[in-house]
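Dear colleague,

I am passing on the structure we spoke about, and below it you will find an account of what came out of looking through it. Please read the text with the model open beside you.

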Amino acid sequence: MRKKTDYIVIHCSDTPPSMDIGAKEIDRWHRSKGWFRIGYHFVIRRDGTVELGRELNEVGAHTLHYNDRSVGVCLVGGMQEDRKKSENNFTQAQWETLDKLIGELEQQFPQAKVLGHRDLNRGRDCPCFDVQNWMTQRARPTQQDQAYHPLVYSVLKQGARGPLVRSLQAKLNRWYGIAVDGLFGMETKNAVQAFQRKERLIDDGIVGPRTWSALLRYE
């Protein structure tokens, strides 16, 4: 498992816009190289759909010398149709999803720097655009409302904060009247434990995969 996260690295799949591929195809390509599975943590398809690769806390295989301290996000595209040259040909849906996904990852890893693959491994064009320039121009997320639907459901516990906590609190309000303020305090922990007991889960107050799965069944 990855012990720290210093970077969020954006990649492209080096495929033409007509290739509507996703994590399944990239997983097959990476396995053919002898890797045990897909190297990225997230893949953003041409229609903006996010597909999961490696677990968020796993060490990836996407950026040489930086895999043990980074999260990898891959945009499908980045190559001209004739495959002769790289090209920034990502769809509007992809840009919107990338903005949201990066925003969520920044909430979870506030110390991490968002970079392109080429910023860390020189000599590459991936992801075919200037990530630093995009970061300065992108719209920063505003206060999220209770209808916010996260892309990443990571482990949450007391002390966490951000839009994912806000989404958790909104879901818990189906049964418990707690503040939806994005701060995982004692009130939220008590509600989590009550929900876990209701669902016959371990009532440790930590929102892991089993607790998330139980919550999402009610959507």
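**Helix α5 and its neighbours**

In α5, the residues Leu164, Leu168, Lys171 and Leu172 meet Trp212, Leu215 and Leu216 in α7. Sorted by class, this contact of α5 with α7 has six nonpolar residues, no polar ones and one charged residue. Please keep in mind throughout that this is a predicted model. The crossing of α5 and α7 is left-handed.

The other helix to set beside α5 is α6, and here the packing angle is about 55 degrees, with the axes 11 Å apart. α5 and α6 are therefore oblique to each other, and their crossing is left-handed. On the α5 side the contact is made by Leu168, Gln169 and Leu172, which meet Thr188, Ala191, Val192 and Phe195 of α6. The residues of this contact of α5 with α6 divide into five nonpolar, two polar and no charged.

How many of the residues of α5 are buried? The count is 10 of the 10, so α5 is largely enclosed by the rest of the structure. The buried residues run from Pro163 to Leu172 and include Arg166 and Lys171, and what covers them includes α2, α6 and α7.

α6 itself covers residues 186-198, which is 13 residues, and from its first C-alpha to its last it reaches 18 Å, close to the 18 Å expected at 1.5 Å a residue. Its buried residues are Thr188, Ala191, Val192, Gln193, Phe195 and Gln196, and the buried residues of α6 pack against α5 (163-172) and α7 (209-216). After α6 comes Arg200, whose phi is positive, near 60 degrees.

α2, with 17 residues, reaches 25 Å from its first C-alpha to its last, close to the 24 Å expected at 1.5 Å a residue. Among its buried residues are Trp95, Leu98, Leu101, Ile102 and Leu105, together with Gln94 and Glu104. The buried residues of α2 pack against the strands β1 (7-12), β2 (42-44), β3, β4 and β5 (113-116), and against the helix α4.

**Two residues in the loop between β3 and β4**

Thr63 is found in the loop between β3 (50-52) and β4, and at 0% relative accessibility Thr63 counts as buried. Not counting residues up to four places away in sequence, Thr63 touches Val9, His11, His117, Leu120 and Asn121.

Ala61 is found in the loop between β3 and β4 as well. Is Ala61 buried or exposed? At 19% relative accessibility Ala61 counts as buried, because the cut-off for that word is under 20%. Leaving aside its neighbours within four places in sequence, Ala61 is in contact with Trp35, Gly39, Arg54 and Asn67. Ala61 and His30 are 31 residues apart in sequence, and their C-alpha atoms are 9.2 Å apart in space.

**Backbone points to look at**

Most residues other than glycine have a negative phi, and most peptide bonds are trans. With that in mind, which two residues are joined by a cis peptide bond? They are Cys126 and Pro127, and omega there is about 15 degrees. Pro127 has its place in the loop between α3 (117-120) and α4 (131-137).

Cys128 lies in the loop between α3 and α4 too, and its phi is near 75 degrees, a positive value in a residue other than glycine. Cys128 is buried, with a relative accessible area of 10%.

Arg83, in the loop between β4 (70-75) and α2 (92-108), also has a positive phi, near 65 degrees, and is a residue other than glycine.

With best wishes

Definitions and conventions: Residues numbered from 1 in each chain as written. Predicted model: local features only at pLDDT ≥ 70, side-chain atom pairs only at ≥ 80, totals over all residues. Heavy atoms only, no water. Helix = DSSP H or I, 4+ residues; strand = E, 2+ residues; numbered from the N terminus. Buried < 20%, exposed > 50% of the residue type's maximum accessible area, 1.4 Å probe, protein only. Expected span 1.5 Å × (residues − 1). Contact = heavy atoms within 4.5 Å. Left-handed = near helix turned anticlockwise from the far one by under 90°. Nonpolar A, V, L, I, M, F, W, Y, C, P; charged D, E, K, R; others polar. Axes fitted to C-alpha atoms, helices over the stretch in contact; angles between N-to-C directions. Parallel < 35°, antiparallel > 145°, perpendicular 65-115°, else oblique.
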